[in-house]
Structure formats: C-alpha cells, structure tokens
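I opened this model to look up its fold, its helices, its sheet and its core. My entries follow in the order I made them.

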Amino acid sequence: MAKLLIVNADDFGKTASVNRAVIRAFETGLISSTTLMTNMPGFAEACTLTTQHELHGKVGIHLNLIEGQPLTEAMCACRRFCNPHGRFLR
C-alpha cells in the first residue's frame with residue numbers, strides 16, 4: 001500500500017504576502033493543501049486565488065480563536081475569547 005504524505009500550509013488568507021507564498025508553494029510542489037483564515041484581511045483574495053489556481057478540494061478551514069476580528073457578534077461579545085473592543089485575545 002502506497003503511503004501519502006500531506007504537507008499543509010496554514011494561514012492562507014492572512015495577508016496578500018502569505019497568499020502569494022502559499023500559491024508559490026503549490027506551484028513548486030512543496031505543499032499539497034492549505035487552510036484558509038476566513039476572518040483575516042487576505043480572505044477575499046485567497047478565495048479568488050483558489051478559483052484561479054484550481055485549488056478546490058485542497059483548501060480547508062483554519063479555526064482561528066486568537067487573532068483578528070471574530071465573524072459573529074456573539075463571539076465578539078464573549079469575554080472568554082475577546083477583549084471589550086470585540087477583538088480576539090492573544
């Protein structure tokens with residue numbers, strides 16, 4: 001039975017520079033998957049890049065509970081995870 005090695009790149013969607021690095025890693029065969037941060041500034045660009053580079057099925061979700069802005073008002077109000085300004089606690 002052949003063994004499969006999965007190399008995943010975290011933080012897709014974090015910033016434009018991270019997005020470029022992830023795409024370059026796919027292009028050079030360094031990675032086989034990535035995980036997308038939906039609450040970060042590069043999210044929309046990462047979605048576009050996913051389509052442009054035909055990465056469907058190679059992009060998962062990056063659960064992020066420590067950085068950026070939560071996606072729901074309920075999470076923003078949760079003091080266990082967020083400060084009084086609604087930002088995640090580091």
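**Entry 1: overall layout.** I read the elements from the N terminus on and got β-α-β-α-β-α. That gives three helices and three strands in the protein. I took helices (H or I, at least four residues) and strands (E, at least two) as DSSP runs, numbered from the N terminus. This is a predicted model, in which local features need pLDDT of at least 70 and side-chain atom pairs count only at pLDDT 80 or more, while totals for chains, interfaces and linings use all residues. Residues are numbered from 1 along each chain as its sequence is written, and side-chain values use heavy atoms, with hydrogens and water left out.

I looked up the overall dimensions next. The C-alpha trace spans about 50 × 30 × 20 Å along its principal axes. Of the 90 residues, 33% are buried. Here buried means under 20% relative accessible area, exposed over 50%, and partly exposed in between (1.4 Å probe, protein chains only). I then checked contacts, meaning heavy atoms within 4.5 Å. Among contacts with a separation of 6 or more, 54% are between residues 24 or more positions apart.

**Entry 2: the sheet.** What is the order of the strands in the open sheet? I found β1-β2-β3, with parallel pairing. Strands β1 and β3 (59-61) are the edges, and each pairs on one side only. Neighbouring strands are turned by 30° against each other on average, direction ignored. Two strands count as paired if DSSP finds at least two bridges between them. Between β2 and β3, which run parallel, there are three bridges. In this region I noted Leu 36 opposite Ile 61 of β3.

Helix α1 packs on the sheet and touches β1 and β2. Its direction makes about 160° with that of β1. For such angles, axes are lines fitted to C-alpha atoms, for helices over the stretch in contact, and the angles run from 0 to 180 degrees between N-to-C directions.

**Entry 3: helix α1.** I checked the length of α1 (residues 16-27) first. At 1.5 Å a residue, its 12 residues should span 16 Å, and the end C-alpha atoms are 17 Å apart, which agrees. The expected span is 1.5 Å times one less than the number of residues.

Which residues of α1 are buried? I listed Asn 19, Val 22, Ile 23, Ala 25 and Phe 26. Seen down the axis of α1, they fall within an arc of 160°, so they line one face of the helix. The arc is that of the directions from the helix axis to the C-beta atoms. Turned away from that buried side are the exposed Arg 20, Arg 24 and Glu 27. The buried residues of α1 pack against β1 (8-12), β2 (33-36) and α2 (43-52). Gly 29 follows α1, with a positive phi near 80°.

**Entry 4: helix α2.** I found Ala 46, Leu 49 and Thr 50 buried in α2. Down the axis of α2, these buried residues fall within an arc of 105°, so they line one face of the helix. Ala 44 and Gln 52 are exposed on the other side. The cover over the buried residues of α2 includes β1, α1, β2 and β3.

**Entry 5: the core.** I looked up the largest nonpolar core and found 11 residues, including Ala 9, Phe 12, Ile 31, Leu 36 and Leu 55. A nonpolar core is a set of buried Ala, Val, Leu, Ile, Met, Phe, Trp, Tyr and Cys residues joined through side-chain atoms within 4.5 Å. The elements giving two or more residues to this core are β1, α1 and α2. The largest share, four residues, comes from α1. Leaving out residues up to four places away in sequence, Ile 23 touches Phe 12, Leu 49, His 53 and Leu 55.

**Entry 6: single residues.** Where is Asp 11 found? I located Asp 11 in strand β1. Its phi is positive, about 75°, although Asp 11 is not a glycine. Asp 11 is partly exposed, with a relative accessible area of 23%.

Glu 54 also went into my notes. It sits in the loop between α2 and β3, with a positive phi near 50°. Glu 54 is exposed, at 64% relative accessible area.

Last, I looked at Leu 5, in the segment before β1. Leu 5 is exposed, with a relative accessible area of 69%. Leu 5 and Ser 32 are 27 residues apart in sequence, and 8.5 Å apart in space, C-alpha to C-alpha.
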